[in-house]
Amino acid sequence: MTEKIYIFDTTLRDGEQSPGATMNLEEKVQIAEILEEMNVDIIEAGFPIASNGDFEAVLEISKNINNSTIAGLARAKLADIDRAWEAVKNAKSSRIHTFIATSPVHMKYKLKKNKTEVLEAIQQTVSYARNLCSDVEWSCEDAGRSDIDFLYKCIELAIRCGATTINIPDTVGYTLPNEFGSIFKSVRNNVPNIHKAILSAHTHNDLGLAVANSLAAVQEGARQVECTINGLGERAGNSALEEIVMAIKVKKDLIPFHTEIKTEFITKASRLVSSITGFSVQPNKAIVGTNAFAHEAGIHQDGMLKHTGTYEIMTPDSVGLTKSSLVLGKHSGKHAFNEKLKELGYDFGDNALMELFGRFKDLADKKKEVFDEDLIALAGDRTISYNEHIKFVSLLVNAGSIEKHEATVSLEIDGEKKSTTSFGNGPVDGTFNAIKSLTKTHFKLKLYQVHAITAGTDAQGEVTVRLEDRGLTSQAKGSDPDIIVASAKAYINSLNKLIFKKSKSMSNEISEIEIGEA
Ligand code: KIV
Ligand code: ZN
């Protein structure tokens, strides 16, 4: 049996730090449940001191999850550590993850601490955390740009103070694989007590090297890898869980390790995270992109028909991607609909199912055949859990080569139906102006993106909208065979999320903090 690589998922913490990736408590619990189902070893459930919402989500996940360790993040501050412990202490297995920056640029400009002060902070906070919890992870933020001799001192001290996992992050995605790997090698050779802790790699994808760097770290002694579903995360994202896990599985001859991840849940987890965050997965994304197992070129198709091994290094089944011939239409019943959703990886409660079934029937009335992609969009177009402050009712637009485009929008706002007509430079602009006027909001539109879900002129359009207000952002999708209606739905979904996010941040005693203040 090969040695195990522990998978530490940080979708709910570093992943949620992606601008616009809002998740509410119920959604975070849902994601934690699928991570547990996949057999993720450690789930970093949040940054409890960052907001009351974060604290409550970590608390709730700690109560609900039985098989994975639950970690809470804390800066090198006693109040952070207390809050993290408060949130994770009821978990079956809990971890405090505390960190401080060790690079010259972070110490000088962000922390305004010299080396001695950083060492003192490590001594104080790691010992404090270890007194509360037997499982303590310590991270040297921006290790990729830290002085290696100082890193040895910090790591040795953290282990002496009780850290059981030492996480080495390439916080800004700056290193190359051989460079990052050699940090692990040197740490193993130069830190005398290193055998007392598990070494962990945490990488960011600024140069597109996050996964390669994590694998290089594994080759040089890392036994824990920190990653996120779909590679979600700050800026260009973190190492993608699905890529790490499948690389280790497919290349077991050259990477003689194993993870205990049940890879057949990968597709389900990817779709869930994408639908909750409103972040689409690029079609050519490794493992989980819609084209990852598609073969277009004739020569490839010919090879595939003769032997799938000609062009596939892993099977779609191994990542939970099942192709079914069952296409739904307007005569399909609730049972077939539910079965199909389950096959696609969704499991809805009765109320949500009834609501979705109604929307499916409306869609089937407009479209002859409803494909898997349509259902994924339908299931993903979900704002149910945001208490739908604002609901779409109807839309009528004047489009074409006329001068001013007119849009009449009807919404239900807190149960009250309201309508208005606005003009704009195009039907989408007119529609958004009408929504803004009805909701009396003036948020900045940061992203507007449209794509067709399937082929054909009756295909549904899927629209992504990102809104921003005073540093807070939210992103959401909407789908409909009419792309102007899809645009209105996406705008409203994003609006509901942003209103939720704003109310959450205003009700916090400790307002949302940026990890950069650490
Ligand atoms: O990238 C980073 O350095 C982090 C730490 C908090 C581990 O996310
Ligand atoms: Zn990070």
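Predicted model: local features only at pLDDT ≥ 70, side-chain atom pairs only at ≥ 80, totals over all residues.
**Stop one: the zinc ion**

Select ligand 2, the zinc ion, and show the side chains around it. Three residues coordinate the zinc ion: Asp14 through OD, His202 through NE2 and His204 through NE2. The distances are 2.0 to 2.1 Å. Along the sequence, the donors follow the spacing D-x187-H-x1-H. Asp14 sits in the loop between strand 2 (6-9) and helix 1 (25-38). His204 sits in the loop between strand 8 (198-203) and helix 8 (210-219). The pair therefore ties together parts that are 190 residues apart in sequence.

**Stop two: the largest pocket**

Select Arg271, Gly289, Thr290, Glu373 and Ile376 next. Of the 37 residues lining the largest pocket, these are the closest to its centre. The volume of the largest pocket is about 1,000 Å³. Which elements each supply at least two residues of the lining? Show helix 10 (266-277), helix 14, strand 14 (444-452) and strand 16 (472-480). By type, the lining has 14 nonpolar, 15 polar and 8 charged residues.

Show the side chains at the contact. Helix 12 brings Phe337, Lys340 and Leu341. Helix 14 brings Asp372, Leu375, Leu378 and Ala379. The contact residues divide into 5 nonpolar, no polar and 2 charged.

Note on methods. Residues numbered from 1 in each chain as written. Chains lettered and ligands numbered in written order. Heavy atoms only, no water. Contact = heavy atoms within 4.5 Å. Helix = DSSP H or I, 4+ residues; strand = E, 2+ residues; numbered from the N terminus. Nonpolar A, V, L, I, M, F, W, Y, C, P; charged D, E, K, R; others polar. 1 Å grid on protein atoms, 1.4 Å probe; cavity = no way out; pocket = protein on both sides within 12 Å on 5 of 7 lines; lining within 4 Å. Points joined across faces, edges and corners; volume = space filled by probe spheres on them. Donors = N, O, S within 2.8 Å, 3.2 Å for Na, K, Ca; no water.
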